[in-house]
Amino acid sequence: MSKRVGIRDVAAAAGVSLTTVSHALSGAGQLSDATRERVRSVAADLNYAPNRLASGLRSKRSQIIGFVSDEISTTPYAGRVLLGAQEAAAKNDWVLMIVNTSADPRFEGRSIEALLQHRVDGIIYARMYHQTVAVPEALVGVPTVLLDASTGNDHISSVVPDEEGAARTAVEHLIAAGHRRIGYLSNVDDIPATRGRLDGYRATLRAHGIEVDETLITASDSTTASARAAAALLLDRSDRPTALFCFNDRIAMGAYQAAQTRGLRIPDDLSIVSIDNFEILADAMLPGLDSVALPHYEMGQWAIERLALELHADGDDDDAPAPQQIRMHCPLVTRQSVGPPPH
């Protein structure tokens with residue numbers, strides 16, 4: 001086995017001190033561009049890889065971030081969340097250590113303990129969907145950012161989707177197409193998204209001078225079969241709505257099926273818009289579903305960048321940024337499911 005190239009080998013080959021090599025590779029120190037480039041070139045020629053553990057011990061940083069989630073690695077959106085976090089971590093020279101706890105509090109506790117024993121620099125505490133959480137006591141005093149979760153207070157930074165804003169975007173999309181009689185297929189779960197999207201639906205109608213007809217609001221489980229039955233209640237009315245706003249894409253699929261079994265064409269007879277932009281569903285529906293995208297990649301990215309900012313100021317009370325609670329914008333992705341109301 002070949003001997004690992006060390007920083008002393010780079011210094012000897014470049015004819016400089018160990019300190020110069022360290023500064024050249026880290027970007028620190030006052031070095032000329034020529035010296036910095038020469039050292040980096042020598043290091044590349046020797047295939048030198050810095051020993052991050054040793055560097056972390058000297059700087060009291062491990063360059064590792066713990067990413068603790070409940071079931072995020074098993075959801076359709078996990079790839080986008082993790083990609084955003086990983087790419088932002090790489091820019092900060094960090095590695096993510098990812099733990100999926102399967103929503104088991106005891107396993108979560110052991111996992112956090114193990115991460116702290118590995119001297120992680122901080123923790124991203126993530127949830128599968130927007131939830132209000134109690135931060136584990138083990139994280140008190142540990143640099144932590146919440147992802148798709150909030151605590152209800154302003155003591156810790158967090159990022160969640162703007163649920164009311166997402167509903168506003170969806171409903172205004174229907175209003176802009178000419179619809180005034182808009183039904184809402186909501187979700188039965190008692191979660192922030194359910195409350196926020198319903199509030200956004202009502203507020204948007206009122207803001208545009210449209211009276212809220214509570215009989216046009218119904219709720220179901222987030223399953224296609226349940227949503228199909230809920231949609232039927234609205235579509236079988238003699239005064240049926242000309243458009244439906246759906247809590248998520250699965251519910252929208254049920255609405256599609258209910259419409260099509262009744263001979264209603266989308267969007268000629270009925271327009272439908274949703275929230276999620278779960279591309280496997282939204283792209284596959286005929287016609288393609290207009291859907292407001294949840295910002296999974298952007299939330300993962302923001303959480304890491306926020307943690308980096310707070311770690312940079314760690315220990316400096318004068319420079320420490322106040323925790324932020326972000327509600328992130330959700331953009332509309334248009335396809336072919338929204339048109340003007342029928343005559």
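This is a predicted model: local features need pLDDT of at least 70, side-chain atom pairs count only at pLDDT 80 or more; totals for chains, interfaces and linings use all residues.
Strands in a sheet are held to one another by backbone hydrogen bonds, and the pairing can be parallel or antiparallel. Here you'll find an open sheet of 6 strands with parallel pairing, and its order is β2-β1-β3-β4-β5-β11. At the edges sit β2 and β11 (325-328), each of which pairs on one side only. Neighbouring strands in this sheet are turned by 20° against each other on average, if you ignore direction.

Now zoom in on one pair of strands. Strand β4 covers residues 144-150 and strand β5 covers residues 157-161, and the two pair in the parallel sense over 3 bridges. If you want a spot to look at, find V145, which stands opposite S157 in β5.

Next, which helix packs on this sheet? Look for α12 (residues 296-312), which touches β1 (64-69), β2, β3, β4, β5 and β11. The direction of α12 makes about 155° with that of β4.

Helix α12 has a helix partner too. For α5 and α12, the angle is about 35° and the axes are 6 Å apart. The crossing of α5 past α12 is right-handed. On the α5 side, the residues that meet α12 include R80, V81, L83 and G84. Their counterparts in α12 include H296, Y297, G300 and I304.

Time for the aromatic rings. A pair of rings is described by how far apart the centres are and by the angle of the planes. The count here comes to 3 aromatic pairs. Why is the pair of Y184 and F245 called stacked? The ring centres are 4.6 Å apart and the planes are at 15°, so this pair counts as stacked, given that the cut-off for stacking is under 30 degrees. This pair also links distant parts of the chain: Y184 is in strand β6 (residues 182-187) and F245 is in strand β8 (residues 243-246), 61 residues apart. Are these two residues buried or exposed? Both Y184 and F245 are buried.

R197 lies over the face of F247, at 4.4 Å from the ring centre.

The one joining I266 and P267 is cis, with omega about 5°, and P267 lies in the loop between α10 (249-261) and β9 (271-276). The bond from L286 to P287 is cis as well, with omega near -5°. You'll spot P287 in the loop between α11 (279-282) and β10 (290-293).

D93 has a phi of about 65° and sits in the loop between α5 (78-91) and β2 (95-100). D93 is partly exposed, with a relative accessible area of 35%. R119 has a phi near 60°, and its place is the loop between α6 (105-117) and β3 (122-132). R119 is partly exposed too, with a relative accessible area of 44%.

Key
Residues are numbered from 1 along each chain as its sequence is written. Side-chain values use heavy atoms; hydrogens and water are left out. Rings of Phe, Tyr and Trp (its six-membered ring) pair if their centres lie within 6.5 Å; planes under 30 degrees apart count as stacked, over 60 as edge-to-face and the rest as tilted. Helices (H or I, at least four residues) and strands (E, at least two) are DSSP runs, numbered from the N terminus. Buried means under 20% relative accessible area, exposed over 50%, partly exposed in between (1.4 Å probe, protein chains only). A charge sits over a ring if NZ of Lys or CZ of Arg is within 6 Å of the ring centre and within 35 degrees of the ring normal. Two strands pair if DSSP finds at least two bridges between them. Axes are lines fitted to C-alpha atoms, for helices over the stretch in contact, and angles run from 0 to 180 degrees between N-to-C directions. Contact means heavy atoms within 4.5 Å. A crossing is left-handed if the near helix is turned anticlockwise from the far one by less than a right angle, and right-handed if clockwise.
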